[in-house]
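Biologist: I would like to go through this model and ask what stands behind each label. Please show it first.

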Amino acid sequence: MKEIDDGKWNRRVLLLNQNFEPLTITGAKKAICLLYLRKAELVAVYEGLKVRSVSSSLPLPSVLRLSYYVRVQRREIPLTKRNIYRRDNYRCQYCGRTNIPLTTDHIIPKSLGGRDTWENLVTACTECNTKKGAKTSKEFPLKLIRRPKKPNIFSFLLSSISKIPEDWKPYLFQ
């Protein structure tokens with residue numbers, strides 16, 4: 001078995017509610033504290049990794065389930081330029097290019113009554129945004145790659161992780 005060194009403490013742990021609903025993603029240190037205090041139970045572990053103290057050894061958790069039910073008020077994701085880019089994966093929603101200067105575009109232009117909403121704002125490259133101008137999507141020849149919608153908080157958290165561990169997938173409703 002490999003021992004955990006300081007660099008391994010940044011491992012992510014999926015935290016489930018008592019009913020196995022995903023709540024959040026937390027760090028390894030907090031997960032170990034929850035286990036030690038018996039506020040959570042172990043569901044899955046990172047294979048071959050252990051946390052050792054002078055008198056005991058625990059497997060490094062990958063998925064934890066709370067011992068009690070937590071009523072959660074769903075948080076709203078603020079509508080910001082950065083969050084629109086993140087939702088659209090930093091990709092122009094008209095041509096699909098990445099690694100180019102990006103901006104946000106109103107599908108229904110503000111001059112025609114368009115509002116600042118999750119459903120009306122998309123990421124666009126400066127070239128496509130200039131071509132589109134103040135036209136509606138019906139007047140503009142390029143179609144959207146994906147229809148914009150308001151993201152949910154948990155999918156937004158998952159988007160910050162490059163590779164989702166296999167033992168998380170049964171609990172993510174994907």
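Biologist: Why does Tyr85 count as buried?

Modeller: Bear in mind that this is a predicted model. Tyr85 has 14% relative accessibility. Buried means under 20%, so Tyr85 counts as buried.

Biologist: Where is the place of Tyr85, and what is Tyr85 in contact with, leaving aside neighbours within four places in sequence?

Modeller: Tyr85 is in helix H2, residues 81-87. With those neighbours set aside, Tyr85 contacts Tyr90, Leu102, Thr103, Thr104 and Thr123. Contact here means heavy atoms within 4.5 Å. As for Leu42, 43 residues away along the chain, its C-alpha atom and that of Tyr85 are 35 Å apart.

Biologist: What makes the pair of Tyr85 and Thr103 a polar contact?

Modeller: A polar atom of the Tyr85 side chain lies 3.4 Å from the backbone nitrogen of Thr103. The cut-off is within 3.5 Å, and 3.4 Å meets that distance.

Biologist: Why is Phe20 called partly exposed?

Modeller: Its relative accessibility is 35%. Buried is under 20% and exposed is over 50%. Phe20 falls in between, so it counts as partly exposed. Phe20 sits in the loop between S2 and strand S3 (22-27).

Biologist: And what makes Arg38 exposed?

Modeller: Arg38 has 73% relative accessibility. Exposed means over 50%, so Arg38 counts as exposed. Arg38 is in the loop between H1 and S4.

Biologist: What is the phi of Phe20, and what is the phi of Arg38?

Modeller: Phi of Phe20 is near 70 degrees, a positive value. Phi of Arg38 is near 60 degrees, also positive. Neither residue is glycine. Most residues other than glycine have a negative phi.

Biologist: Which residues of the largest nonpolar core touch the most other members?

Modeller: They are Leu14, Val63, Leu158, Trp168 and Leu172, in a core of 18 residues. Strand S2 (12-16), helix H1 (28-36), strand S4 (40-52), strand S5 (57-66) and H4 each supply at least two residues of this core. S4 gives the largest share, four residues. Leu172 touches Leu14, Pro22, Phe154, Leu158 and Ile164, not counting residues up to four places away in sequence.

Biologist: What is the lining of the largest pocket by class?

Modeller: Four nonpolar, four polar and six charged residues. The lining has 14 residues, with Arg87, Arg146, Pro151, Ser155 and Phe156 nearest the centre. H2 and helix H4 (153-158) each supply at least two of the lining residues. The space in this pocket is about 340 Å³.

Methods. Residues are numbered from 1 along each chain as its sequence is written. This is a predicted model: local features need pLDDT of at least 70, side-chain atom pairs count only at pLDDT 80 or more; totals for chains, interfaces and linings use all residues. Side-chain values use heavy atoms; hydrogens and water are left out. Buried means under 20% relative accessible area, exposed over 50%, partly exposed in between (1.4 Å probe, protein chains only). A polar contact is a pair of N or O atoms within 3.5 Å; within protein, one must be able to donate a hydrogen and the other to accept it, and residues adjacent in sequence count only if both atoms are side-chain atoms. On a 1 Å grid over the protein atoms alone, a cavity is a set of points where a 1.4 Å probe fits but cannot get out, and a pocket is an open set with protein on both sides within 12 Å along at least five of seven lines; lining residues have an atom within 4 Å of a point. Grid points are joined across faces, edges and corners, and a volume is the space filled by probe spheres set on the points. Ala, Val, Leu, Ile, Met, Phe, Trp, Tyr, Cys and Pro count as nonpolar, Asp, Glu, Lys and Arg as charged, and the others, Gly among them, as polar. A nonpolar core is a set of buried Ala, Val, Leu, Ile, Met, Phe, Trp, Tyr and Cys residues joined through side-chain atoms within 4.5 Å.
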